[in-house]
Amino acid sequence: MAWTAGIRPVGTTNIVAYGSSMRGKDVRLDKVSIRFGDSTAVQPTDLAIHAGEFFSILGPSGCGKTTILRTISGFIEPTDGRVLIGGEDMVGKGPNERPTALIFQNLALFPLMSVAENVAFGLEARGIGKAQRLKRAQELLELVALDQYGDKKPADLSGGQRQRVAIARALAVEPSVLLLDEPLSALDLKLRQHMRTELRSIQKRVGITFIYITHDQGEALAMSDRVAVMSRGRLEQVADADTLYAEPATPFVATFVGEQNVLRGRITTLADDVASVETPIGLVTGRAKGALKVGDEALVMVRPERISLGASNANTVPARLVSRNLEGPSVNLLCAAAGQNFTVTVPNGPAVRDLPEELNLSFGLADALVYPMGALAHG
Amino acid sequence: MGSLARAYGRPLALTLTAILVLWILALILVPLGAMVQQSLWWKDSAGDLSLTIDRLYNDIATLQLDAGNATDAAKKAALDAEIATKQGEATALEAQELNPGKQWGLDNFTRMSSLHLYIFVRTILYALMVTALALIVCYPVAYVVALASGPRKAIILTVALIVPYAINELLRVYAWLMILDYRGVINGVLGWFGVVDLDNRGWIPFLENPSAVFLAMIYTYVLFMVFPIVNTLETLDRNQIEAARDLGASTARIHRRVIIPHAKPGIAVGCIMTFMLSAGSYSVPAIMTRGQGGDWFSQLVYRQFFESNNWNMGSAYAVSLLVVCTAFILLMMRFFGVGLRDIAK
């Protein structure tokens, strides 16, 4: 099989033996808060990350996710609260004393050392003899399919190869927790997608805990067992990808993960978890999320793909078709109704080829989520 | 030239080239050429000549006395003829003495006395020691400055490095002189505590020890060592330090394997500058030792020029120093594995 652009499949057998020597540990944040001077980077946070889990922390830049990662790795001491790894309190332990390894956003490979020396550096720091550590480095380079590149300098490698050197270097110290700080952000799209699967498969095989920081929801949803969404130093929601997408807990999560049509209105009736909201396009009923009262201002969220054409559902809106954008397998319809814009995603096909200018949009009660007013992800 | 002309047009390219040529001529070729030329010739020593002339005049005086006492006219004529011959000889020699012959060769270089050679070697060793000590002192300073950020960095730089260096070099050397002198600050404080007895000249003679010169030199040239190292350390990605720490490396290992290799070009430049400056420094040893400690080679060069008035010998000494220093630069570059390109960065 011919591989181009430096992309090669990760070997399937050679890792198993190596991975068996590593064991993941759980990470717990116990009321951790972090302040820098007067500004609070992380609000008091409780978080339990399971051993052997691929856990992502997703959030826009400046939300505090990197601060949390650096706190777990030991570069930052929390202002309050404790970090526990494998049940052990990490207070006062420096980055070199923790069972973690960090992969930096810019990888921070040592440019003056060869690839093999880079990978062996952690073992060198542990006083392991040259022959032995270079042998281990070679094994790890095989794991990331770079066994031919040990003598090269990092600068001679492609972006994806450097990425894998960084992974091998971090794994060489047999960490229980691997921390990844947006390591794919410097790669181009195609390589990034390839590296997602590669990271996931490496994690599966070595079996240690991965904590992955990203602002890219695609990465988080594609790779993770669970995802924590952060905003302004606060955890908005911790859940698996499906839950995050289908049942976002807050307006921020709803709008940060995936697309939403957002309606603003006022609650008129509230029964069990069904809320009716008076909006510019009329009365909309949906499922109530969070603490709501009659008379409150509220946000109604409807995913573009949950809206269908025709008048078959609980909520129906007559709308005018503004434009039709072909995405390939699906089509995005931009519609306007009473000054409100709607995006509707429908499967591509003959049915959506020649649409009338006036059409009905409808969505079910379960498709509309009603939130109290709150911050949205995009202003 | 061709590409320059394409980029800037002919007149501007010519101007630029002319400026470059002028620069090289005025700053490198002409002064250096003059010095080398001066060092390659000498004038015949007039010593033997003067002696011969003196003897001739002695002879003439004796002959004149004899001629004055002579009664025999024939004998007197013979004596007068001899006087005239000797007088002619003396005059010719005098002309030769006034305008000694120029000799070309390497004699100026080979004629260095063993004492001067010893001072030369010692100066090189001292300069090497100053360089090594300055590196040891300056590396931590440079590290702190380079890794400090924001207002902290500005404060460290200004207070610790820029303010002292805004003061004239001579004043700073004299300040050290005052600190280390027999009745200087340190001896004064020690006398205060009764450690030394100043009244009976029981002071510690700091200035008679070469280390006083070292101290003043290191102080004088700190900036030349600190700034190149700061410059290279500033380009170090701090994540590399953190990555090394995260991988379990001790502070010493991080310095040895990550930071120092990165700072190598800066260290090389700093060492070269400090070595050149200290090997060629005149004012610091002259002021600090006041003749109490051993001479440095630069002082010998000065004496050849301005006391012995032997510019040819002085030039040869200066050229020797230059050659050794240049060799040192090349050695340092080889040792640190850096090329001119790295240093220019």
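The following conversation concerns a predicted model and some of its residues.

Colleague: What should I know about the numbering and the model?
Modeller: Residues are numbered from 1 along each chain as its sequence is written, while chains are lettered from A and ligands numbered from 1 in the order in which they are written. The model is predicted, with local features needing pLDDT of at least 70, side-chain atom pairs counting only at pLDDT 80 or more, and totals for chains, interfaces and linings using all residues; side-chain values use heavy atoms, leaving out hydrogens and water.

Colleague: Where is A:R226 found?
Modeller: A:R226 is in strand β9 of chain A, residues 226-231 (strands are DSSP runs of E, at least two residues, and helices are runs of H or I, at least four, numbered from the N terminus).

Colleague: Does A:R226 count as buried or exposed?
Modeller: A:R226 counts as buried because its relative accessibility is 19% (buried means under 20% relative accessible area, exposed over 50%, partly exposed in between, with a 1.4 Å probe and protein chains only).

Colleague: Which side chain does A:R226 join in a polar contact?
Modeller: The side chain of A:R226 has a polar contact of 2.5 Å with that of A:E53 (a pair of N or O atoms within 3.5 Å; within protein, one must be able to donate a hydrogen and the other to accept it, and residues adjacent in sequence count only if both atoms are side-chain atoms). A polar side-chain atom of A:R226 also lies 2.7 Å from the backbone oxygen of A:A48.
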